[in-house]
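Hi there,

Here is the structure I promised to pass on to you. Have a look at it first, and then read on for what turned up.

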Amino acid sequence: MIYHRIHSIEDPFFAALHKQLQTIFPPEEVLAYELWKEPLLDPSIHVYVAIHNGEVVGSTEYRYYPKLQVAMTDFTIIGKPSLGIGRFLLRNRERDLQKLAEQSGTESLGMFAEIYDPYRAAEHTFGGVSPMNPIVRREVLSHIGYKRLNLAYVHPSWDLEGMAVSELDLGFLPADENQSTIDASLVAEFLEGYYAFLTNKPKEWTRMIEKIRALESIELLPL
């Protein structure tokens with residue numbers, strides 16, 4: 001299996017990646033094809049596909065923020081079962097993020113991820129791919145060590161319509177597995193930077209950020 005980085009929408013594997021995104025995720029979670037052009041030119045945004053026998057069978061996107069000392073997993077897609085795609089993506093991502101932290105002279109505090117709530121997202125079939133079922137994904141992330149932030153989480157829709165998407169929890173994988181809280185100002189700064197690209201934000205998101213800014217810390221709970 002090949003771990004291949006996508007640098008441009010002109011990459012011969014990008015069309016397959018975007019189709020995979022549209023197949024797996026609901027429309028409000030998918031950035032339009034042409035709008036990927038600018039993000040892919042950003043060297044801090046890492047988009048990789050897993051290629052098996054010339055076919056894109058999985059993908060992941062992530063980034064590392066040296067100033068905040070945290071990473072973010074934007075998405076992970078396992079397109080086919082029984083090929084070890086999940087572990088392949090996980091290990092390659094871990095090695096890459098470790099290298100990025102070392103190159104910046106920092107040590108990562110952990111990694112954020114938006115995690116579907118299987119009860120709120122039960123209507124999504126996720127392309128009919130069983131490894132992407134919200135219940136399966138949540139349990140896998142729990143095994144890895146992710147925890148959920150104790151807050152009512154919403155995020156702006158990626159279709160640029162300004163809707164509030166509320167079917168997910170904000171998760172965090174702490175480097176210290178015994179960590180039980182996270183600094184609220186770190187969360188606010190991360191979210192404001194992460195969603196800076198989306199100028200049309202819902203009032204629910206703005207109110208959430210205001211509430212986070214008023215806190216000192218946020219509890220980390222089991223998934």
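**Pockets and rings**

In the second largest pocket, the lining residues comprise nine nonpolar, four polar and four charged ones. Please keep in mind that this is a predicted model. That pocket has a volume of about 360 Å³, and 17 residues line it, with Glu94, Leu97, Gln98, Ser108 and Met111 nearest its centre. Two or more of its lining residues come from each of α3, β5 and β9, and α3 gives the largest share, seven residues.

The largest pocket has a volume of about 1,000 Å³. Its lining counts 42 residues, and those nearest the centre are Glu61, Thr73, Asp74, Phe75 and Thr76. By class, 27 of the lining residues are nonpolar, five are polar and ten are charged. Among the elements that supply at least two residues each are α2 (37-41), β3 (55-65), β4 (70-78) and α3 (85-103).

Now to the aromatic rings. The model has 13 aromatic pairs. In one of them, Phe190 and Tyr194 have ring centres 5.5 Å apart and planes at 25°, so this pair is stacked. Both residues sit in helix α5 (residues 184-194), and because they are four residues apart there, about one helical turn separates them. Phe190 and Tyr194 are both buried.

Ring pairs also join these two to Tyr65, Phe112, Trp158, Phe172, Tyr195 and Trp205 in a cluster. Trp205 has a further neighbour to look at: Lys201 lies over the face of its ring, 5.5 Å from the ring centre.

Enjoy exploring it!

Best wishes

Key: Residues are numbered from 1 along each chain as its sequence is written. This is a predicted model: local features need pLDDT of at least 70, side-chain atom pairs count only at pLDDT 80 or more; totals for chains, interfaces and linings use all residues. Side-chain values use heavy atoms; hydrogens and water are left out. Rings of Phe, Tyr and Trp (its six-membered ring) pair if their centres lie within 6.5 Å; planes under 30 degrees apart count as stacked, over 60 as edge-to-face and the rest as tilted. Buried means under 20% relative accessible area, exposed over 50%, partly exposed in between (1.4 Å probe, protein chains only). A charge sits over a ring if NZ of Lys or CZ of Arg is within 6 Å of the ring centre and within 35 degrees of the ring normal. On a 1 Å grid over the protein atoms alone, a cavity is a set of points where a 1.4 Å probe fits but cannot get out, and a pocket is an open set with protein on both sides within 12 Å along at least five of seven lines; lining residues have an atom within 4 Å of a point. Grid points are joined across faces, edges and corners, and a volume is the space filled by probe spheres set on the points. Ala, Val, Leu, Ile, Met, Phe, Trp, Tyr, Cys and Pro count as nonpolar, Asp, Glu, Lys and Arg as charged, and the others, Gly among them, as polar.
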